[in-house]
Amino acid sequence: MSGRRVLRRVLVANRGEIAVRVIRTFRRLGIETVLTVSEADAASLAARLADRVIGVGAAPAAASYLNVDAVAGAAVAARADAVHPGYGFLSENARLARACAAAGVVFIGPDPETLEATGDKLAAREHAVAAGLPVLPGGHVTAAGRSDADIAAMESRAQQASPGLAGGPAKQAGADQVTGEDAAGLAERIGYPVLVKAAGGGGGRGLRVVRDPAGLEHAVAVASAEAAAAFGDPRVYLERYVERGRHVEVQLLGDGDSVIHLGDRDCSVQRRYQKLIEEAPAPGLDAGLRDRLRAAAVALGRHLRYRGAGTVEFLVDAERGEFYFLEVNARIQVEHPVTEAITGIDIVAEQIAIAEGRALRLTQDDVAFAGHAIEVRVNAEDPRRDFLPSPGMVTRAVFPATTLTAGNAAGRVRVDTHIQAGAAVSPLYDSLLAKVIAHGADRDDALNELRDALGRCRIEGVTTNVGLQRAVLADGEFAAGGVDTGYLGRFLARDPLGDGQGAAGPAGDMRAGDGQSAGRGAGQAAGSFGARGESAEPVRDDRDGDAGAARG
């Protein structure tokens with residue numbers, strides 16, 4: 001990107017809590033916001049907060065938030081200077097970045113070439129090796145039993161289901177890139193267990209653990225089909241599976257010439273490879289290992305000439321003092337607030353400055369770390385029923401008073417949410433309702449603050465995982481710090497309630513609401529949110545004496 005450009009109007013191409021979160025920074029900086037909405041989100045909190053909304057299609061994401069042409073067209077129609085894609089959806093889509101460039105609109109994120117290099121997990125591995133990073137033994141494999149015609153048919157079905165994803169990596173690359181090494185031979189050389197991973201996506205889709213040769217062929221075929229349906233790309237690869245690894249990531253900022261890090265985060269509390277709790281800095285790491293992780297991330301960023309905010313993820317074997325590159329997330333992360341809490345840096349504001357063509361406003365010496373921060377994700381799901389999603393109408397939403405905001409490391413608690421009484425939770429989108437973040441002088445302080453904050457959350461009308469999160473925060477193994485990615489499975493197996501039904505523990509019932517509205521359909525419209533404006537700021541709820549009832 002060459003030259004400077006002041007951004008005065010930005011299209012926010014996302015929904016939910018991340019749309020609300022980025023709109024707040026834009027408003028603070030005096031930048032006008034235009035929000036893309038599907039038919040299901042026309043009355044959402046983000047729509048109320050934006051200066052203007054533009055509809056981009058029907059409720060299903062494939063017809064709206066994943067439709068590249070509709071989003072790019074909305075940016076042109078709005079005469080936006082830039083597009084902020086948030087996370088998920090089209091946030092790492094090179095085709096959208098190119099469409100923006102062709103229209104003279106700034107894409108707030110890396111350039112298309114970087115998005116292609118990092119979005120393709122195989123290509124990202126190659127770049128990591130070139131930058132000197134250690135990677136797990138592995139390689140690209142053929143989907144067992146699938147001919148080129150089978151793969152072409154899978155691609156066709158995926159493109160029909162998700163037209164906005166046309167032109168994905170497999171489609172662009174041709175048939176030669178969906179063939180690879182024999183899976184059985186590679187697995188034998190790596191040694192079991194192995195992990196089958198989708199090359200063109202993430203989020204736990206197209207991912208299978210295989211512990212013996214008998215299950216390999218089926219796992220590769222299923223993962224390939226799942227990846228084709230989810231990402232339009234059936235390619236998979238194998239890596240050695242580390243049983244007790246930790247998931248640690250490093251936050252980067254780059255301007256294409258200079259790259260710095262904003263410290264590390266631990267994201268090891270996961271359910272089916274979906275993160276539930278994140279904290280910064282990663283607890284219990286040897287200082288030397290921490291320094292090497294951060295240096296490796298910066299080295300890869302420099303190798304890529306990275307521009308924007310991004311995260312390099314690693315698998316860490318803390319006992320051996322070893323780590324391995326996993327992937328690059330070329331966007332803002334769900335867990336970015338914990339980094340903002342310990343650095344006092346508004347990452348979205350830095351994204352804007354970089355997108356305007358400025359050099360980094362910070363040097364590495366400018367980045368200081370204060371205290372510890374922990375975030376829990378509050379999802380509309382039922383842990384007692386294998387985490388079944390719980391759509392419906394939110395009848396009440398109470399959160400603790402928030403004093404911790406982006407760019408203010410002196411606060412204690414921050415809540416990022418898009419719900420309030422009357423909000424509809426659709427089964428068509430991610431189940432994330434809110435993120436509760438606590439910052440303390442040290443980890444114990446932050447943990448105590450978070451336990452108190454989460455105990456004052458009240459969400460009714462849908463079932464949530466609040467009880468499970470409180471039980472985890474009360475667990476001695478988690479409190480000790482440094483758990484691995486298998487921790488939550490072991491915790492659930494202990495059945496903390498002792499009734500054979502689930503893992504709510506003494507912290508309380510997981511069913512935060514009466515559950516009567518959980519069966520309402522996707523067409524359920526959100527209720528009235530009242531007057532337009534910043535009315536979602538926490539207010540006092542006298543019924544409980546808790547601060548944070550969203551104004552309805």
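Biologist: What is the relative accessibility of Arg358, and how should I read it?

Modeller: Relative accessible area sorts residues into classes: buried is under 20%, exposed is over 50%, and partly exposed lies in between (1.4 Å probe, protein chains only). Arg358 has a value of 28%, so it counts as partly exposed. Keep in mind that this is a predicted model: local features need pLDDT of at least 70, side-chain atom pairs count only at pLDDT 80 or more, and totals for chains, interfaces and linings use all residues. Residues are numbered from 1 along each chain as its sequence is written, and side-chain values use heavy atoms, with hydrogens and water left out.

Biologist: Which side chain meets that of Arg358 in a salt bridge?

Modeller: Side chains of opposite charge can pair when their charged atoms come close. A salt bridge here is a side-chain nitrogen of Lys or Arg within 4 Å of a carboxyl oxygen of Asp or Glu. The partner of Arg358 is Glu356, at 2.5 Å from N to O. Glu356 counts as buried, at 6% relative accessibility.

Biologist: How many salt bridges does the whole structure hold, and which parts does the one between Glu460 and Arg396 tie together?

Modeller: The search finds 45 salt bridges. In the pair you mention, the closest N and O atoms of Glu460 and Arg396 are 3.3 Å apart. Glu460 belongs to strand E23 (residues 458-460) and Arg396 to strand E19 (residues 396-398), so the bridge ties together parts that are 64 residues apart in sequence. Arg396 is buried at 10% relative accessibility, while Glu460 is partly exposed at 28%.

Another pair is Arg412 and Asp445, whose side chains meet at 2.9 Å, N to O. Arg412 sits in the loop between E19 and strand E20 (413-417) and Asp445 in helix H14 (residues 443-455), so this pair links parts 33 residues apart in sequence. Bridges can also share partners: Glu249, Arg265, Lys275, Glu278, Glu313, Glu335 and Arg377 are joined into one network that way.

Biologist: Which residues does Phe314 touch?

Modeller: Contact means heavy atoms within 4.5 Å. Setting aside residues up to four places away in sequence, the partners of Phe314 include Leu133, His247, Leu293, Phe323 and Tyr324.

Biologist: How do I read strand pairing, and which strands are joined to E7?

Modeller: Two strands pair if DSSP finds at least two bridges between them. E7 (residues 194-198) is antiparallel to E8 (residues 207-210), with four bridges, and Leu195 stands opposite Val209. E7 also pairs with E9 (residues 236-240) in the antiparallel sense, over five bridges, and there Val194 faces Arg240. Val194, Val196 and Ala198 point one way from E7, Leu195 and Lys197 the other way, and all are buried.

Biologist: Which backbone features deserve a look, starting with the peptide bond between Tyr192 and Pro193?

Modeller: Most residues other than glycine have a negative phi, and most peptide bonds are trans. The bond joining Tyr192 and Pro193 is cis, with omega about 0°, and Pro193 is in the loop between helix H9 (183-190) and E7. Ala280 and Pro281 are also joined by a cis bond, with omega about -5°. For phi, look at Arg79: its value is positive, about 55°, although Arg79 is not a glycine. Arg79 is found in the loop between helix H3 (68-77) and strand E4 (82-84), and counts as exposed at 70% relative accessibility. Asp386 has a positive phi too, near 60°.

Methods: Helix = DSSP H or I, 4+ residues; strand = E, 2+ residues; numbered from the N terminus.
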